[in-house]
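Good morning, everyone, and thank you for letting me take a few minutes of the meeting. Please look at the structure with me while I talk through a few of its parts.

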Amino acid sequence: MANRLAIDGGIPVITERIPGGAHGPSVIDDREIHAVTEVLRSGKLFRFVENSHVATFEKEAAALLGVNHALMVNSGTSALICALTGLGIGPGDEVIVPGYTFIATAAAVVGVGAVPVIAEIDESLGMDPADVARKITPYTKAILPVHMQGVPCRLDELIALARQHNLKVVEDCCQCVGGQYKGAYAGTWGDVGAWSLNYYKVISCGEGGLVFTNDYDAYERTAFASDPAMPMWMSGKEWKNPPFSRQCYRPSEIMGAIARVQLSKIGDILSHTRRLKKAFLAELDEPKGYIRQHVDDPDGECGISAAIIIKEPGLARKYTEALRAEGLGAGTAYNDGFPDRHIYYYWDSILLKHSPHPSGYPWKDPQYKGNVEYSREMCPQTLSILGRALRFGFNVNMQEEHARLMAAAINKVDAVLG
Ligand SMILES: Cc1ncc(COP(=O)(O)O)c(C=O)c1O
């Protein structure tokens, strides 16, 4: 019987391993190797050189994104720290972050001396605008929506909410490099956007990040935030804002050279992953036992992931086991097995308010008048959704047939268990 589940002795849908691999690193070829070799041969590894690769990457990325200013830094976390500093966020301020993101998002808030406030996610797997509205206090200065796994969150509603309350918006696009939302790039809807170029991202130079904005003052301040010596390296420049000192998040020319080549490949990478996701969705039957992740703009998202949310928590485990038997790796994001550290539940240093300093800042900073409290159970909706959400990835090493097989495995399991 074709529809007998493999877990019950039937024939598995997927009999050969579905290819894996990181996006950007999978397409590294002679062009990146040549670019790095050239930098090494030139001996000019510092970013403030003539015809700098970093500066050119910034110009090329800004042109792609359609923004006035972009600044390369050494990681996505640095990009978030510089973005927040650029917008004047610091001690005494609260910044709302979603309960589902890499801990770096919340850590960046602590990094500027501000207090992270954790909000629920909804079926978009991004910030729930209704909960964000509930979490706004007189101390809230900004919201930090995150576009997880290439899918922009509910930006329309979140931007409207922020404008209504006079809040700044920093978009964490670390997992959504090149993703679009209703005709404009993710990261260009808020005040400042941030990319990560680390190993796992859509494009990669090993480690790296980008801050981008149309706001000149914010840009200039991100530049000071990224390098305390910036006014010295660029001494001839007329600065509009008074320079200040922060840490050093400067990238090297090697990173810039790789990033430029990778940026030229972003169109090919994303058209491939978008084709895979389209093939997957076209094959997927109407769901019985699950709902699909809500995606505001299916055409703009990166196509690097798909998620299904099983209706009942008990069923989620059964789906997981049945899908694995069909040959499709699956697991809920929140479970009692390997912890997914993208869930606030595992952010011990934040939940336990572990300060980088004996003063206990940012929570015990005398300037902070709020009283944020954290607990493991503080976002039950987030834990409920992630305890039922199964996520599947698409990467450049896969072919459409792999995506169709993944959907076929889900269809088969859903037909029996749903
Ligand atoms: C959503 C999100 N934000 C921020 C970061 C931090 O980026 P990086 O590792 O480049 O510092 C990551 C990295 O994985 C991320 O996934």
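Let me begin with a definition: the expected span of a helix is 1.5 Å times one less than its number of residues, and helices here are DSSP runs of H or I with at least four residues, while strands are runs of E with at least two, numbered from the N terminus. What we are looking at is a predicted model, in which local features need pLDDT of at least 70 and side-chain atom pairs count only at pLDDT 80 or more, whereas totals for chains, interfaces and linings use all residues. Residues are numbered from 1 along each chain as its sequence is written, and side-chain values use heavy atoms, with hydrogens and water left out.

Helix α15 covers residues 400-417, and because its 18 residues should span 26 Å at 1.5 Å a residue, the 26 Å between its end C-alpha atoms agrees with that expectation. Several residues of α15 are buried, among them H402, A403, M406 and I410, where buried means under 20% relative accessible area, exposed over 50% and partly exposed in between, with a 1.4 Å probe and protein chains only. The cover over the buried residues of α15 includes helix α11 (266-283) and strand β11 (305-310).

How do two packed helices get described? We give the angle between their axes and the distance between the axes. Axes are lines fitted to C-alpha atoms, for helices over the stretch in contact, and the angles run from 0 to 180 degrees between N-to-C directions. For α11 and α15 the angle is about 30° and the axes are 8 Å apart. In that pair, R275, L276, A279, F280 and E283 of α11 meet residues of α15 including A403, M406 and I410, contact meaning heavy atoms within 4.5 Å.

A second pair is α4 (residues 76-86) and α8 (residues 216-226), which pack at about 130° with axes 8 Å apart. These two helices are therefore oblique to each other, since angles under 35 degrees count as roughly parallel, over 145 as roughly antiparallel, 65 to 115 as roughly perpendicular and the rest as oblique.

Finally, some backbone details. Most residues other than glycine have a negative phi, and most peptide bonds are trans. K182, in the loop between β6 and β7, has a positive phi near 45°, and K182 is partly exposed at 42% relative accessible area. A cis peptide bond, with omega about 0°, joins Y361 and P362, and P362 sits in the loop between α13 and α14.
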